[in-house]
Amino acid sequence: MLAAVPQLFANDPVPLVFDTDIGNDCDDVLALAMIHSLQSRGECELKAVTITKDHPLAAAFTDVVNTFYGRGDVPIGVCDSGVTPEAGRFNTLAEVQDDGQDRYSHDLRSGQDAPPAVDVLRQTLADAKDNSVVICQVGFSTNLANLLRSDADAISPLAGPELVRKKVRLLSIMAGAFRDIPNGQTGKPAPYREYNVIKDLDAARYLSQHWPTEIVWSGFEIGLNLKYPHQSIDQDYGYVEHHPVAEAYRLYREPPHDRPTWDLTSVLHAVRPDHQYFDLSPAGTVTVDPEGYTRHNAKSDGRDRYLIIREDQKPRVMEALTLLSSQPPAP
């Protein structure tokens, strides 16, 4: 056992970019907490957070979470898309005060004071080693599609596709559905138009057509079959009086409810792809049709795979997701 210990730390931390529509669901917050825990364990380094929810408080709340975990200097970039422009149920925590003081310390008060997401993405990639960056996209494809459309500039002499091809190793994306999903009215399984795809359909289609490096998709069916235990929200976050993750979960919907872990699964694969938490489909090509349905066409040299979860894998995955999300900040 002692001889194996150095192997645990043999790999450098994964340089990670988190692209999120934070504010539309509480799983984004759990996923961001996971990233901070994985960084505290030396497994990744959060290089930037870019946001696809077009409301100023999305960036401010992201800074709340980053600051809570001791990393308030992580760059944050925002979009200008008009997609989901409402504040959301919990991003308003960035404005809550107790006795005239911020409940949660943070410096970024509004997304209006943050740089454009494409600039943040281009700078992060330009500064990175070749073929090193992992991007975890758990919201809309807005920012990454705009990155692909970007031209050479003062940040980098490379246009978007060339910059991505040179710097990005993997795109781990929560989007689409690769199994039929029970219809909410009839209960019968049917093809499913997934939220992250259809809310900015043009961007999702552009990304699926033009992204130049490997993509692993976590479809709607994966997180739907792995639900976060509400008991953890009640029991595991009480080491402080106010916790932004637990409070966001409760504001999104008051427990008891076990929220699907859609975004968390993409983070887990992004940082720990070799831990056999999931199986992978054969290689192929994922297409997004004009109505927003995703399809995987097997092809031996294809760019795309999607996650598959077996029954015997579920307990181990849920243990990892729960423990990492609820891990206290490092001293």
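Figure 1. Phe 140 is buried, with a relative accessible area of 0% (buried is under 20% relative accessible area, exposed over 50%, partly exposed in between, with a 1.4 Å probe and protein chains only). The model is predicted: local features need pLDDT of at least 70, side-chain atom pairs count only at pLDDT 80 or more, and totals for chains, interfaces and linings use all residues. Residues are numbered from 1 along each chain as its sequence is written, and side-chain values use heavy atoms, with hydrogens and water left out. Rings of Phe, Tyr and Trp (its six-membered ring) pair if their centres lie within 6.5 Å; planes under 30 degrees apart count as stacked, over 60 as edge-to-face and the rest as tilted. By this rule there are eight aromatic pairs. One of them joins Phe 140 and Tyr 195 in a tilted arrangement, 5.8 Å centre to centre and with 55° between the planes. Phe 140 lies in the loop between strand E6 (133-137) and helix H5 (142-149), and Tyr 195 lies in helix H7 (residues 195-198), so the pair ties together parts that are 55 residues apart in sequence. Helices (H or I, at least four residues) and strands (E, at least two) are DSSP runs, numbered from the N terminus. Tyr 195 is partly exposed, with a relative accessible area of 34%.

Figure 2. Phe 178 is placed in the loop between strand E7 (168-174) and strand E8 (181-182), and Trp 217 in strand E10 (residues 215-218), so the pair ties together parts that are 39 residues apart in sequence. Both Phe 178 and Trp 217 are buried. Ring pairs link these two residues and Tyr 306 into a cluster.

Figure 3. Two strands pair if DSSP finds at least two bridges between them. E10 and strand E14 (residues 304-308) pair in the parallel sense over three bridges; Val 216 has Arg 305 of E14 as its bridge partner. Strand E11 (residues 279-280) runs antiparallel to E14, and two bridges join them. Here the bridge partner of Asp 279 is Ile 308 in E14.

**Figure 4. Two arginines placed over tyrosine rings.** A charge sits over a ring if NZ of Lys or CZ of Arg is within 6 Å of the ring centre and within 35 degrees of the ring normal. The charged end of Arg 89 sits over the ring of Tyr 252, 4.6 Å from the ring centre. The charged end of Arg 149 sits over the ring of Tyr 206, at 4.0 Å from the centre.

**Figure 5. Packing of helices H2 and H13.** Two packed helices are described by the angle between their axes and the distance between the axes. Helix H2 (residues 27-40) and helix H13 (residues 314-326) pack at an angle of about 80°, with axes 7 Å apart. Axes are lines fitted to C-alpha atoms, for helices over the stretch in contact, and angles run from 0 to 180 degrees between N-to-C directions. H2 and H13 are therefore roughly perpendicular to each other (angles under 35 degrees count as roughly parallel, over 145 as roughly antiparallel, 65 to 115 as roughly perpendicular and the rest as oblique). The contact involves Leu 30, Ala 33, Met 34, Ser 37 and Leu 38 of H2, with Leu 321, Leu 324 and Ser 325 of H13; contact means heavy atoms within 4.5 Å.

Figure 6. Pro 255 and Pro 256 are joined by a cis peptide bond with omega of about 10°. Pro 256 lies in the loop between helix H11 (244-252) and helix H12 (262-271). Asp 99 is not a glycine but has a positive phi of about 55°. Asp 99 belongs to the loop between strand E4 (97-98) and strand E5 (101-102) and counts as exposed at 82% relative accessibility. Asn 131, also not a glycine, has a positive phi of about 55° and lies in the loop between helix H4 (117-127) and E6.

**Figure 7. Surroundings of Thr 261.** Thr 261 is in the loop between H11 and H12 and is buried, with a relative accessible area of 0%. Leaving aside neighbours within four places in sequence, Thr 261 contacts Gly 223, Leu 226, Lys 227, Tyr 228, Met 318 and Leu 321.
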